[in-house]
Number of protein chains: 2
Amino acid sequence: MAEFRPATPEQDAFRRELLEHGFFVESGVPGIYGRSAAFERIRRGFDRLVDEAAAPEEPETLRFPPLLPRKQLEASGFLKSFPHLAGSVFAFEGGDAEAAALQERAGRHEDWSEFQAQTDVVLTPAACYPVYPAMAARGPLPAAGRTVDAGAAYTFRAEPSGDPARLQAFHQRELVRLDEPGSIAGWVEGWRDHGLELLGRLGLDATADVASDPFFGRGGRMLASSQREQRLKFEILVEIAGPEPTAVASFNNHQDHFAAAFGLEREGGGAVHTGCLGFGHERIVLALLRTHGFDLDGWPATVRRELWP
Amino acid sequence: MAEFRPATPEQDAFRRELLEHGFFVESGVPGIYGRSAAFERIRRGFDRLVDEAAAPEEPETLRFPPLLPRKQLEASGFLKSFPHLAGSVFAFEGGDAEAAALQERAGRHEDWSEFQAQTDVVLTPAACYPVYPAMAARGPLPAAGRTVDAGAAYTFRAEPSGDPARLQAFHQRELVRLDEPGSIAGWVEGWRDHGLELLGRLGLDATADVASDPFFGRGGRMLASSQREQRLKFEILVEIAGPEPTAVASFNNHQDHFAAAFGLEREGGGAVHTGCLGFGHERIVLALLRTHGFDLDGWPATVRRELWP
């Protein structure tokens, strides 16, 4: 099991405040929390702002469950880059005797993993993953390309942490662009600027920067450095609970990665590239609470009007 | 892995229609589908009607992720009654060598389960499960009891099926009541009648009946029969794609089951009983599509006004 990353004192203090004010409900597992009505009110207010920002592109709305076919994850390359973050789903295999043994062990909180076998689903690691095979199944992409709004889906990362901004289960609001190679970088950088402006309107002290993914292992450092050099990933960062600012949104140019993995084609031939953006809902809610305080009625009137017009 | 249950010809024909009209997006795994904007519009319309129906009780709104602490599932008794339906989350354990082996096997769609170890989370099997330990952690229940609105959460059941109404990942809209023993049966039956009336207003030919849970194994039949005799579970049934009508909502009196499992107490002593109700969002959407057709604009005006006032 992934190693627990302890919180800094500042992160731990903020976590306690979130629990005391009821925004988070403790579950006993790091990074797994319930959310209050007030938390959801902020989250939905922000989500509506993304709806508005995306509307001019007239995206196609699709929604996917928090589970992905295992074969899609295998094809995506995620297990190569981030094997340590993936969650897979196992289920019971056996008859009456195995069920009785499982139940007895579980009742004592002992290991019952031997009665579980891997299923053909995994936890969705990023809300855009189901979009690529779904689009590939439709046949060649129209000349104008396509934008898909995958909504705010629950995603999973196996990284237990005491930092309330590093959850194991959290909402990513994702938009995906599928188009000709030359147009993706502009779309990604346009949305980075949109995002920065949007978070600025909410009173957040946000900055954008070139970024890289948390690739696994010794080879990972090289991949990360190449990603930075090519400016394929940007993040928007906000100070939540220090010492470092936290990424609350990311904007990614995948080049032909997903197109090659899932066989995306354009009408009349020609290569497809893809890009996506993801707003981390919970991190944005935490940034707003950290910046404006726990009393929503006391938030600046301009921010309240933006979120709840 | 759980055995695949093939669809009846009628179920299979309806599944194809849902895919052709775009309400479902195929994933390649039975019971795992994407949903279109129109599907979500119906689902959200229905969810709002439940909000309205619940408002007079002034429930406390809480939201939980689709993952539950493993210890909570172990304490709940679910693994005793339904070991075959539970999904557990596994994740990577190992270093660079194991990661390389995992990636190689996954790239060939071969078995990589040996590099996965059980984590301390499982998939939420019913949206009410996180509520009981959260309420127990608050201390004794107030004299007036408590109603919690757990929202429409994604739940998982390991039962791959060709029937589009039997999903592995689906939304349950759950309300939970925690109160003194004598009051739960009335709450449960009141909501059964509410639910029947609500679904009737949507033009569904719905009926309510005493029901039982799909308990596992040879001992299961006795448990089911005792549950029926004591009238502890009711379901609302609608004809979706035959031959049998499908349960679209359930209303459950748990007696002291969860109170005992999680140590729920009342102020000043006295026993706590609990009850819950769950509307199966996707089944209700399918029942509406089956009843009124795939063209939402052609639905009866009264139904449209109810869903989208």
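This is a predicted model: local features need pLDDT of at least 70, side-chain atom pairs count only at pLDDT 80 or more; totals for chains, interfaces and linings use all residues.
Colleague: What makes the relation between chain A and chain B that of a two-fold axis?

Modeller: Chain B is superposed on chain A by a rotation of 180° with 0.0 Å of shift along the axis, and the RMSD is 0.0 Å. That is the relation of a two-fold axis. In chain B, the C-alpha nearest the axis belongs to Val89(B), at 2.5 Å from it.

Colleague: How do you know that the copies meet through the same surface?

Modeller: Of the interface residues of chain B, 100% are also interface residues in chain A, so the copies meet through the same surface.

Colleague: Why is strand E11 of chain B described as largely enclosed by the rest of the structure?

Modeller: A residue is buried when its relative accessible area is under 20%. Nine of the 10 residues of E11(B), which spans residues 246–255, are buried, so the strand is largely enclosed by the rest of the structure.

Colleague: Which strands pair with E11(B)?

Modeller: Strand E10 of chain B, residues 233–238, runs antiparallel to E11(B) and is joined to it by six bridges. Here Leu237(B) stands opposite Ala247(B). Strand E12 of chain B, residues 273–280, also pairs with E11(B) in the antiparallel sense, over six bridges. In that pairing Gln255(B) stands opposite Thr274(B). At least two bridges are required for a pair.

Colleague: Why is the pair of Phe46(A) and Phe279(A) called edge-to-face?

Modeller: Ring centres must lie within 6.5 Å, and planes over 60 degrees apart count as edge-to-face. The centres of Phe46(A) and Phe279(A) are 5.3 Å apart and their planes make an angle of 75°, so the pair is edge-to-face. Phe46(A) lies in helix H2 of chain A and Phe279(A) in strand E12 of chain A, 233 residues apart, so the pair links distant parts of the chain.

Colleague: What makes the pair of Tyr132(B) and Phe258(B) stacked?

Modeller: Planes under 30 degrees apart count as stacked. For Tyr132(B) and Phe258(B) the angle is 5°, with 4.2 Å centre to centre, so the term applies. Tyr132(B) lies in helix H6 of chain B and Phe258(B) in helix H9 of chain B, so the pair ties together parts that are 126 residues apart in sequence. Both Tyr132(B) and Phe258(B) are buried.

Colleague: Why is Arg192(B) said to sit over the ring of Phe234(B)?

Modeller: The CZ atom of Arg must be within 6 Å of the ring centre and within 35 degrees of the ring normal. The charged end of Arg192(B) sits over the ring of Phe234(B), 4.6 Å from its centre. Arg290(B) likewise lies over the face of Phe14(B), at 4.9 Å from the ring centre.

Colleague: How do you know that the buried residues of helix H8 of chain B lie on the same side?

Modeller: In H8(B), residues 220–229, the residues Gly220(B), Ala224(B) and Gln227(B) are buried. They cover an arc of only 60° around the axis, which puts them on the same side of H8(B). The buried residues of H8(B) pack against E10 of chain B. On the other side, Arg221(B), Met222(B) and Glu229(B) are exposed. Just after H8(B), Arg231(B) takes a positive phi of about 50°.

Conventions
Residues are numbered from 1 along each chain as its sequence is written. Chains are lettered from A and ligands numbered from 1 in the order in which they are written. Side-chain values use heavy atoms; hydrogens and water are left out. Copies are superposed by least squares on the C-alpha atoms of residues with pLDDT of at least 70 in both. Contact means heavy atoms within 4.5 Å. Buried means under 20% relative accessible area, exposed over 50%, partly exposed in between (1.4 Å probe, protein chains only). Helices (H or I, at least four residues) and strands (E, at least two) are DSSP runs, numbered from the N terminus. Rings of Phe, Tyr and Trp (its six-membered ring) pair if their centres lie within 6.5 Å; planes under 30 degrees apart count as stacked, over 60 as edge-to-face and the rest as tilted. The arc is that of the directions from the helix axis to the C-beta atoms.
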